[in-house]
Amino acid sequence: MVLGFTMAFVISIGAGILMGSRRLAEGIFESYVLVGLTIPGLCWAVLAVMWFGITEMAPVFAIFVVVLPMLTLNMWQGTKSLDRDLIEMGRVFRASRRSMLRNVVLPQLLPFCLAGARLGFALGWKVVVLSEMFGLSSGVGYMINRSFASYSMDDVLAWTVGFTLVMFAFEYAVMLPIERRLVRWRPAVAL
């Protein structure tokens with residue numbers, strides 16, 4: 001999970017920023033991102049097991065190809081929504097490139113990056129479970145599939161609820177505190 005997600009996350013940040021800041025890159029990669037978004041994770045999970053067999057590489061690949069387009073889209077749109085006035089103000093005050101990146105661009109992209117990470121991580125776990133259901137001999141997906149094969153509704157629900165509780169705990173114990181700490185400078189919005 002961590003390997004596939006990390007590879008997708010790193011590549012998507014670069015690709016999304018490139019697409020959001022350069023029209024040529026946007027024109028080249030837009031169709032690939034959109035096609036990637038339309039192929040269901042289930043298809044990638046099945047293909048990964050068929051290509052890589054019952055190995056740890058199958059879920060890594062499936063996570064990578066499912067999460068990459070979604071994270072890239074998030075960073076691409078985040079880059080396109082940068083406040084051009086703040087960037088222009090930095091140029092007027094002759095801020096260095098490093099200072100502009102650190103104090104103007106990154107703080108504006110961070111919320112998009114964090115939101116994408118949370119969504120991508122959740123989607124990645126779902127792909128792991130699917131991959132385990134189709135081709136691995138251990139894990140939550142394997143156990144759900146095994147319980148399904150024996151028509152044990154209680155076990156299917158128990159594994160599903162257990163998985164949900166672990167993901168819920170991870171979201172509130174890890175992801176949410178990280179996000180709150182990194183974007184604590186943002187004012188609350190009252191509608």
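Phe-5 and Phe-9 sit 4 residues apart in helix H1 (residues 2-21), so about one helical turn separates them. Helices here are DSSP runs of H or I with at least four residues, strands are E runs of at least two, and both are numbered from the N terminus.

The structure holds 9 aromatic pairs. Because the ring centres of Phe-5 and Phe-9 are 5.6 Å apart and their planes lie at 20 degrees, this pair is stacked. (Rings of Phe, Tyr and Trp, the last by its six-membered ring, pair if their centres lie within 6.5 Å; planes under 30 degrees apart count as stacked, over 60 as edge-to-face and the rest as tilted.)

## Model and confidence

This is a predicted model: local features need pLDDT of at least 70, side-chain atom pairs count only at pLDDT 80 or more, and totals for chains, interfaces and linings use all residues. Residues are numbered from 1 along each chain as its sequence is written, and side-chain values use heavy atoms, leaving out hydrogens and water.

The chain averages a pLDDT (the predictor's confidence in each residue, from 0 to 100) of 89. Of the residues, 99% score at least 70.

## Overall layout

The chain has 8 helices and 0 strands. Its C-alpha trace spans about 70 × 40 × 30 Å along the principal axes.

## H2 against H4

Helix H2 (residues 23-38) packs on helix H4 (residues 57-80) at about 135 degrees, with the axes 9 Å apart. That angle makes H2 oblique to H4. (Axes are lines fitted to C-alpha atoms, for helices over the stretch in contact; angles run from 0 to 180 degrees between N-to-C directions. Under 35 degrees is roughly parallel, over 145 roughly antiparallel, 65 to 115 roughly perpendicular and the rest oblique.)

On the H2 side, the contact (heavy atoms within 4.5 Å) includes Glu-26, Glu-30 and Val-33. On the H4 side, Trp-76 and Lys-80 are among the partners. The contact residues divide into 6 nonpolar, 2 polar and 3 charged. (Ala, Val, Leu, Ile, Met, Phe, Trp, Tyr, Cys and Pro count as nonpolar, Asp, Glu, Lys and Arg as charged, and the others, Gly among them, as polar.)

## H3 against H4

The axes of helix H3 (residues 41-52) and H4 come within 8 Å and cross at roughly 145 degrees. H3 contributes residues including Trp-44, Trp-51 and Phe-52. Phe-61 and Val-65 are among those from H4. This contact has 12 nonpolar residues, 1 polar and no charged.
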